[in-house]
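Please look over the protein shown below, with attention to its charged side chains and its strands. A short report follows.

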Amino acid sequence: MSMTRKQFLRSILGATVGVAGVAALAACGGDDGGGTATPDGAAATCATPTSAIATNHGHTLTVPLADVTAAASKTYDIMGSSAHTHSVILTPAHFATLAGGGTVTVSSGSGGGHTHEVTVQCVS
């Protein structure tokens, strides 16, 4: 009998992590590379986090898929090639939205006398 990656992870983690851990694993998609349905029926389409920064002048933000999966609050520096820095904070709620295929827009911290709207989404 062969198992999918998700079935295997459920079999080894389900008993020790509990249903919430299994649901978090399921939220990042199936073995076919596309989105799948989580147990509650919500679409799961998190394969590649991408970002866009409004009124950008050299800032960059890369959100690793591992951060989406971990779902712990995280602060990112978006300096990139700009001469100044900004910080962006993503919360566990933001990561839950991303894991479900949603889009999150947050304001950066002030740097260089201004802020930026930063949009992050997960695409399949």
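Which side chains meet in a salt bridge? In this predicted model, where local features need pLDDT of at least 70, side-chain atom pairs count only at pLDDT 80 or more, while totals for chains, interfaces and linings use all residues. Residues are numbered from 1 along each chain as its sequence is written, and side-chain values use heavy atoms, with hydrogens and water left out.

The partners are Lys 74 and Asp 67, with 3.3 Å from N to O; a salt bridge here is a side-chain nitrogen of Lys or Arg within 4 Å of a carboxyl oxygen of Asp or Glu. A search of the whole structure finds one such bridge. The two residues are listed with their relative accessible areas, for which buried means under 20%, exposed over 50%, and partly exposed in between (1.4 Å probe, protein chains only).

| Residue | Relative accessible area | Class |
|---|---|---|
| Lys 74 | 34% | partly exposed |
| Asp 67 | 13% | buried |

Of the 124 residues of the protein, 30% count as buried. The secondary structure comprises four helices and seven strands, taken as DSSP runs numbered from the N terminus (helices H or I, at least four residues; strands E, at least two).

Three strands form an open sheet in the order β3-β7-β6, with antiparallel pairing, where two strands pair if DSSP finds at least two bridges between them. Because β3 (48–53) and β6 (103–107) each have a single partner strand, they stand at the edges of the sheet. Between β6 and β7 (residues 117–123) there are five bridges in the antiparallel sense, and Ser 107 has Glu 117 in β7 as its bridge partner.
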